[in-house]
Amino acid sequence: MRHTAYIWVYCLAAICSPRICAAAGGTIVQMGDSFASFSGYSLATFCKGQKVENLGIGGTTTDDWTDDLIKEKLGELEGNSFEQLMLAIGGNDYLNSKCTLSKNILMQRVRDTIDRFLAIANPAEGLVLLGYCKPTKDFEECDTFAVKTLNQALAQAVNGRNAVFVDTAGACGGGSKKYMVDAIHPNNRGYCTLYQNEAAQTAFGCECQDKVDCSTVSKNVPDSPPRATLPYTPCGTKPPTPVETKSPVSQCSDDAKKKFKIGKKVFLCSDLKKNQCKKW
């Protein structure tokens with residue numbers, strides 16, 4: 001059976017509108033390690049109009065996702081079609097090595113895993129590889145841990161493949177405990193910052209909706225599909241005033257007078273440059 005997939009575009013956009021409109025309708029399948037499984041049904045909550053099947057398995061590495069396991073998990077869909085495959089993998093490989101695994105070895109492991117998923121799941125539009133959030137200051141598993149190094153390996157792994165990497169730098173409050181359930185996993189607020197950015201919403205085909213302030217939503221990740229998505233204000237109404245957080249994700253509007261922060265500096269949306277978008 002041929003499956004169609006949406007591509008999650010690279011870059012957590014800093015130049016964006018607080019209202020998002022896109023074609024909707026479909027099922028998104030999340031697979032990989034705990035960064036996927038801990039998400040529960042957050043994506044379904046923050047992406048109006050889309051269904052989500054979460055088939056992630058906490059603690060898994062690239063070696064765990066063999067052909068047999070991929071087929072077994074996809075079999076849980078019982079023949080139901082899906083429009084997108086999202087993958088979170090590579091983090092446990094890095095942690096299990098005490099963060100000493102070289103970037104090239106990690107990149108190759110993830111690339112081989114991507115190839116297995118593409119060959120078996122065969123999403124027509126490709127695969128989305130999710131980056132990892134910055135850990136909190138309580139992280140003690142590795143003295144040398146740097147999420148930047150890990151995500152750089154993931155970004156390289158998609159090269160030449162029918163896949164795209166999503167950089168999560170700046171999301172999850174930049175490692176703030178308010179957005180994390182523990183030292184390395186986001187809570188519902190953290191996932192809100194990941195799934196509510198414009199690039200993600202467009203790629204997932206979410207229905208037209210206004211963004212919410214992720215710092216105010218429940219911290220608890222939903223463990224079942226929501227009966228309804230959050231009560232977003234319908235598109236066409238006056239957008240809410242952007243809320244200043246530790247990253248510019250979800251803050252900008254088309255109003256050049258709107259201000260937001262990058263670190264301690266205050267910017268206007270009109271001041272942004274392309275290299276700042278890549279930075280976040």
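How many of the residues of strand S4 (residues 84–88) are buried?

Modeller: Keep in mind that this is a predicted model. Strand S4 is mostly covered, with five of its five residues buried. In a regular strand, side chains alternate between the two faces of the sheet. You can follow that here: Gln 84, Met 86 and Ala 88 are on one side, Leu 85 and Leu 87 are on the other, and all of them are buried. Both faces of S4 are covered, then.

S4 pairs with S5 in the parallel sense, over three bridges.

A disulfide is a covalent bond between the sulfur atoms of two cysteines. A search of the whole structure turns up three of them.

Start with Cys 99 and Cys 142, whose sulfur atoms are 2.2 Å apart. The torsion about their S-S bond is about 80°, so this disulfide is right-handed. Cys 99 is in the loop between helix H4 (91–96) and helix H5 (103–121), while Cys 142 is in the loop between strand S5 (127–130) and helix H6 (147–157), so the bond ties together parts that are 43 residues apart in sequence. What about exposure? Cys 99 has a relative accessible area of 6%, so it is buried. Cys 142 is buried as well, with a relative accessible area of 6%.

Your next stop is Cys 133 and Cys 172, which form a disulfide with sulfur atoms 2.0 Å apart. With 50° about the S-S bond, this link is right-handed. It joins distant parts of the chain: Cys 133 sits in the loop between S5 and H6, and Cys 172 in the loop between strand S6 (163–166) and helix H7 (188–195), 39 residues apart. Cys 133 and Cys 172 are both buried.

The remaining pair to look at is Cys 192 and Cys 214, with sulfur atoms 2.1 Å apart. Here the torsion about the S-S bond is about -70°, so the disulfide is left-handed.

Eight of its eight residues are buried, so H7 is largely enclosed by the rest of the structure. Among those buried residues are Arg 189, Tyr 191, Leu 194 and Tyr 195. At the start of H7, a side-chain oxygen of Asn 187 comes to within 2.9 Å of the backbone nitrogen of Arg 189.

Lys 98 lies in the loop between H4 and H5. Its phi is near 60°, a positive value in a residue other than glycine. Is Lys 98 buried or exposed? Its relative accessible area is 57%, so Lys 98 counts as exposed. Further along, in the loop between H5 and S5, you find Asn 122. Asn 122 isn't a glycine either, yet it has a positive phi of about 50°. With 44% relative accessibility, Asn 122 is partly exposed.

Two packed helices are described by the angle between their axes and the distance between the axes. The axes of H5 and helix H3 (residues 67–75) come within 10 Å and cross at roughly 45°. H3 and H5 are therefore oblique to each other. As for handedness, H3 passes H5 in a right-handed crossing.

Terms used
Residues are numbered from 1 along each chain as its sequence is written. This is a predicted model: local features need pLDDT of at least 70, side-chain atom pairs count only at pLDDT 80 or more; totals for chains, interfaces and linings use all residues. Side-chain values use heavy atoms; hydrogens and water are left out. A disulfide is a pair of cysteine sulfur atoms within 2.5 Å. Helices (H or I, at least four residues) and strands (E, at least two) are DSSP runs, numbered from the N terminus. Buried means under 20% relative accessible area, exposed over 50%, partly exposed in between (1.4 Å probe, protein chains only). A polar contact is a pair of N or O atoms within 3.5 Å; within protein, one must be able to donate a hydrogen and the other to accept it, and residues adjacent in sequence count only if both atoms are side-chain atoms. Axes are lines fitted to C-alpha atoms, for helices over the stretch in contact, and angles run from 0 to 180 degrees between N-to-C directions. Angles under 35 degrees count as roughly parallel, over 145 as roughly antiparallel, 65 to 115 as roughly perpendicular and the rest as oblique. A crossing is left-handed if the near helix is turned anticlockwise from the far one by less than a right angle, and right-handed if clockwise. Two strands pair if DSSP finds at least two bridges between them.
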